[in-house]
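Okay, thanks for coming, everyone. I'd like to walk through the aromatic contacts and the packing in this one, so let me put it up on the screen.

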Amino acid sequence: MPTFNPITDNVSAPWPEVAEDRAKCPYHQIADGIDEAITYQSVTDIYRNPQVWSSELGVDVAGEKAVGQKILSFADPPLHTRQRRLLVKALSPARMDAMVPRIQQEVDDIIDRFPSDGGPIDLFEKMAGLLPARIIHELLGIPENLRSGLQGWTEMETTAATAFDQAPFKKSMEEYLAFLTDLVRARKADAEEHDDLVSLLVSAEVDQEVLLETEVVWIIKFLLSAGAETTKGALTNSVYALETHPEEKARYLADIDGLVDTLVEEGLRFDGPVKGLLRTARTDTELGDIPKPQGSKVFMSFVGANHDPSAYPDPDQFSLERDFSHLPSHLSFGAGVHHCLGMNLARHELRVMLTTIYKRLPNFRLADGFAPEPKPALLWRHWETMMVTYDGPVLPRTAV
Amino acid sequence: MVTSEPTATPPLATDGGGNEIAVHVDHGMCSGTRNCERYYPDIFVVNRDKAWIKSGIEWASADVALLKEVESACPWAAIEVEAPAD
């Protein structure tokens, strides 16, 4: 067993323990039938081999999905390729670039409602939990009057996604799926009148094939939860890293526009919102030199890979001096064919939030005495709350 | 086939079997994931957040199967390879 077990251990900065484990071996058994890949090379090798290391047979503890529920992260090529090709144009860099003014407007609207006395406020509740949901709702074309209810179901689904016991969520999940199915059917009736993602999915055709209604429902459900939970974790993890590294914060405040891209990438590398993902062996195979039978699972540790010294010098240092144009891509967006579809949107959301927070909130900082608690979760990695404060009043958007 | 600078669309080239190869990177879709660079660093390089095809490629010795793998593995469907399947 490794010193740090991502399934059972939930600590704020496991970097020394992870380094100790990585130095011993690229693979460790972390549970019965589950090994962990902990080096940059071992994780990218698994990503590159979807023929053997299947997503369809289980990327989380829930195991293989039913037909129709095998979508995107839960699908293998060629099914995955067909679904992904339908979606990439809708989430392309150019289309996401065009979303930036809308993201900026939402972030400014959110900050306008911050208390004038400087709080303290919970950054999760007041910003990180709001923005990604609002933007994905808009992209999907969810009617305004349905967004609040939908958000509740999304949060429930996110909690259920990494829970070992699914029974308590069964009834709510059925209601959620029924709601999404009604939405899909309604949109299918007038898809040509809309220019949103749901309309695109219900009318999309590739090689004379269309998506099943169930596939569309599960893709929408996936986009709603994946986009929201990861971006809010990425924002608050980055803020916490910056606030606990005063020299890097001073460097950032001196050149916010020049360093925000580096802050986004270093924040994702240093403490990304996902601990890692599972893959399941489709055939008998090997991890390193160790034989693994069909059905074995491997946990690809993003924490381990992103702190691997063979990929990043001084990996346990949070540094805005890194030049990511000369470094391998961090794995917080995954790799290979399963590279995160929302990466372009997430980067824009993080850039706008991290710029606007530090420009409009004078002397923004962690609340006095605040010590964050890691949120217990198998796959996610972020804090329960992020209490912050600033010297009110909030600067007007026109002043920055 | 030699180009002076990395490019998104080099001129048509010929592989070792005399077959024409065309490789194209759609910069409207490329998101700079470096997938192609990891798969086939002799051909692809990522610069300014986009993938490019290196200059001075010896296409006659290019691994067409690997190029096809790069094409199908590009998560943004940004790489197009026109070449015989084998």
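Quick definition before we start: rings of Phe, Tyr and Trp (for Trp, the six-membered ring) pair if their centres lie within 6.5 Å; planes under 30 degrees apart are stacked, over 60 edge-to-face, and the rest tilted. By that rule, Trp15(A), Phe270(A) and Phe318(A) are linked into a cluster by ring pairs.

Now the housekeeping. This is a predicted model, so local features need pLDDT of at least 70 and side-chain atom pairs count only at pLDDT 80 or more, while totals for chains, interfaces and linings use all residues. Residues are numbered from 1 along each chain as its sequence is written, chains are lettered from A and ligands numbered from 1 in the order in which they are written, and side-chain values use heavy atoms, with hydrogens and water left out.

Back to the rings. Over all chains there are 11 aromatic pairs. Take Tyr40(A) and Tyr312(A): the centres are 6.2 Å apart and the planes sit at 80 degrees, so that's edge-to-face. They're 272 residues apart in the chain, with Tyr40(A) in helix α2 and Tyr312(A) in the loop between α14 and α15; helices here are DSSP runs of H or I, at least four residues, numbered from the N terminus. Both tyrosines are buried, meaning under 20% relative accessible area, where over 50% is exposed and in between is partly exposed (1.4 Å probe, protein chains only).

Then there's a stacked pair, Trp153(A) with Tyr176(A), at 5.8 Å centre to centre and 20 degrees between the planes. This one links helix α8 to helix α9. Tyr176(A) is buried at 0%, whereas Trp153(A) is partly exposed at 22%.

Which ring does the charged end of Arg269(A) sit over? That would be Tyr312(A) again, 5.3 Å from the ring centre. The cut-offs are CZ of Arg, or NZ of Lys, within 6 Å of the ring centre and within 35 degrees of the ring normal.

Last topic, the packing. A nonpolar core is a set of buried Ala, Val, Leu, Ile, Met, Phe, Trp, Tyr and Cys residues joined through side-chain atoms within 4.5 Å. The largest has 121 residues, and those touching the most other members include Met127(A), Leu354(A) and Trp59(B). Helix α11 of chain A gives the most to this core, 13 residues. A second, separate core of 23 residues includes our friend Tyr312(A).

Key: Helices (H or I, at least four residues) and strands (E, at least two) are DSSP runs, numbered from the N terminus.
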